[in-house]
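Please keep the structure in view while reading.

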Amino acid sequence: MKYGYFNNERKEYVITNPKTPVKWTNYIGGLDFGGLIDQTGGALLCKGDPALNRIVKYIPQLPASELKGETLYIRIKKNNEYVVFSPFYVPTLTPYDYYECRVGNGYSIITSEILGIRTEVTIFVPMDSQREIRDIKVTNISGEAIEMDIIPFVEYTHFEAMKQFNNADWVPQTMQSQCINEADGKRVIKQFAFMRKDTNVNYFTSNYPIASFETDRKIFLGDNGYGTFMKPLSLFQEELSNYEALREDNIVAALHKMGQLEPNETKRIITQLGQYTDFDYEMTEIEKYRDEKCVDEAFIKLENHWNNYLSKFQVKTPDEDFNTLVNIHNPKQCMTTKNWSRFLSLYQLGLGVRGIGFRDTSQDLIGIMGLCADESTEMIGKLLSIQRRNGCAMHQFYPLTMEATKGESGEMENRDDFYGDDHLWIVQTVCEYLKESANYDLLNKVVPFYEKDSKDKPLEEATILEHLKRAIEFTHDNKGRHGIPLLGFADWNDCVNLPKTAESIFNANLYGKALLEMMELMTHLGDEEIVNKYKDYYDEMKIAVNENCWDGEWYLRYFDHEGKPLGSKVNEAGMIYTNAQSWTIMSGFADEQRATQSLESLNKYLNTKNGIKLSYPGYNGFDPNLGGVSTYPPGAKENGGIFLHSNPWVIIAETLVGNGDRAFQYYQQINPILKNDNIDEFEVEPYVFPQNILGDEHPQFGLGRNSWLSGTASWVYQAATKYIMGVRADYDGLIIDPCIPKAWDEVSIIKEFKNATYNITIKNPNHISKGISRMEIDGKEVDTNKAPIFADGLVHNIVAYMG
Ligand code: GLC
């Protein structure tokens, strides 16, 4: 079954059936104001923090048919009786003649035709003004005059979203609504709670007179609260009650009387949902966005912004599905994960468990580096401000308060422990930034470490370069009995929580990769002494890994607290792990023979038609010495599931050994676009990568879950652009080193790099996968596959020949 199609011209995915297997979402705005919109118009919005300042009540656990956060009701008069329906299908479930939800970049447009009325609603947050706009156009296509009213609806949550669920005493007594009447009937309906000094006020308003309104859910539903969202009884009365709630479940339903619409007549209404602290300022902004022209301009500005972002890297290959993903949807997902980390989705509910993750965001930032590098610097500073003085890092922070926690769930807080990997990720992030931007000043920026005195003043601060050096030293100083870095509470694989003193081969490789990056950077900066020191660290680790961690046909993954291996042929479950193979190649520790052999073993034991599993066989039953991983059934998530984030690492490893056909095969196995025509098995959106797909040990093999916010986005984008296309920024130029399927004749790439456009054509006359034999720049032959930094604002044509 199919639920929609890709429209590349408009850079959209178009959902044509609202009854998708699970809600399919899109993001509008950003963490400073915004949230997600589902395909039936539901919305989850927040400002600054989804736990402490949430605006709209969206409870994903409710059935798909239930109202979630927002909707729009339309009522028409037929034979003197009201007929009420929602043009978004949910919650009235009225049969439709036509339905479409266009999932665009920073906006969704829902169009439907129901009972002779065509409704088109564009939902977005303007680039530079914090408000959700719903631009509603209704057209009478019934052929006869229709009298109609439209009633936008919002259900609020308490600002402190969790309290909604766990404090049914305080919350309902504090939420209040109030209506301000403006002269021409354009009311502003406020919703607030006397919570803090700087009381935030939510509001709803429109560019059209609001005839009457309701702010109390019970009255809105009617029948003493036993009415339903499917058929709210108050909408069958001529007017709403104009009740200003002083407690209880606050909503806003705003009745706009449109009068009679002649056949083919269209009316347009623009609503705004926002939050302010300064009423006078907000009133000027509200007035501005009541103007249709201003809204049109804001929409065009949003489109231009995204078009510009996407234009920085474009490819043309013989494979259309690859092109669509690389040119539109993958970089869009990179921006979204960068904006939201793992803070707010239908799966990470933004209720205080997950914030901005050190590990996650460090990787997400790399995903946007080639497109808008400068958007990463502020976040790099914030992340490093939760690094500890000894070099390891706090695991996550909440941006509104900058409070950091050691772990996600609280169980880490009392432990004298650390994640063995977090701090190492940011080394790659900063180096990628410097390669793309050449803004070396960043290294000298002074950032505090996390520890503070009793007055909340940082105990120490240092340059970003020093922060990176401390990260390296932390791992150097925290090794176990095999000379392999300690695991800590966990490494990238969050769920393998072995008792203390366990060692992680993943951390060894991440450390190796970080050392390679630091050596390159310090060579470029001319600090030979430190390069030599890191070279010794690197060689030492390379020996430790190769002497202790080769299992005969693949690399081990961990040593437990007793020094016993995991990810070995001696293990019945967890015999082989993917990351141990890919990362030993990415760190440069594996020699050619071991690299090839471990990739063959990976292919034999871990590959499936839906992607590569994280490990095999899955653990069956809880084991306190393994921790979280054994809470999942075999084949799910980190327990032998297809954890997509680790697939691009294998793709990169395959390109490093020159296997372009297999790299591309692995890419296409997980390309969500290819799931579009048969999506009932996959269930989630075909326009983004989910975090995981159930593996073949699970009866629901192929089912995807946890879409949108996943490090998969950043890494698949890197795999495609830097390794398959092979266009990589370096300190002194742009490397062109593709590794493509042999069958491809030619590919072309446009990359903006340091104030010049690199227009690259790669020709493959001999049908090989890797190796550039000659290259021409602007018609002149050069003897390198690295194009120089032009920085002249011009377009340069590069033709590279494989051979
Ligand atoms: C989730 C976490 C990430 C972790 C991964 C594997 O995606 O956000 O931090 O690395 O799971 O466990």
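In this predicted model, a polar side-chain atom of R354 lies 2.5 Å from an oxygen atom of the ligand. This is a polar contact, defined as a pair of N or O atoms within 3.5 Å. The side chain of E638 also has an N or O atom 2.5 Å from a ligand oxygen atom. W492 takes part through its backbone, with an N or O atom 2.5 Å from an oxygen atom of the ligand. Of the 310 Å² of accessible area that the ligand has on its own, the protein covers 97%; such areas are computed by the Shrake-Rupley method with a 1.4 Å probe.

The residues around the ligand are R342, R354, R359, D360, W492, N493, D494, E638, F643 and Q691, where a residue counts as near if one of its heavy atoms lies within 4 Å. By class, this shell holds six charged, two polar and two nonpolar residues. Here Asp, Glu, Lys and Arg count as charged, Ala, Val, Leu, Ile, Met, Phe, Trp, Tyr, Cys and Pro as nonpolar, and the others, Gly among them, as polar.

Residues 305–726 carry the UniProt annotation "domain: Glycosyl hydrolase 94 catalytic", from an unreviewed entry; such annotations may be inferred rather than shown by experiment. This span is 43% helix and 10% strand, and its end C-alpha atoms lie 26 Å apart. Helices (H or I, at least four residues) and strands (E, at least two) are DSSP runs, numbered from the N terminus.

The peptide bond from V90 to P91 is cis, with omega near 5°, and P91 lies in the loop between β7 (81–85) and β8 (98–103). Another cis peptide bond joins Y616 and P617, with omega about -15°; P617 is in the loop between β31 (615–616) and β32 (642–643). E248, although not a glycine, has a positive phi of about 70° and belongs to the loop between α3 (217–221) and β17 (250–261).

Residues are numbered from 1 along each chain as its sequence is written, and side-chain values use heavy atoms, with hydrogens and water left out. Local features need pLDDT of at least 70 and side-chain atom pairs count only at pLDDT 80 or more, whereas totals for chains, interfaces and linings use all residues.

Technical notes
Polar contact = N/O pair within 3.5 Å; in protein donor to acceptor, adjacent residues only side chain to side chain.
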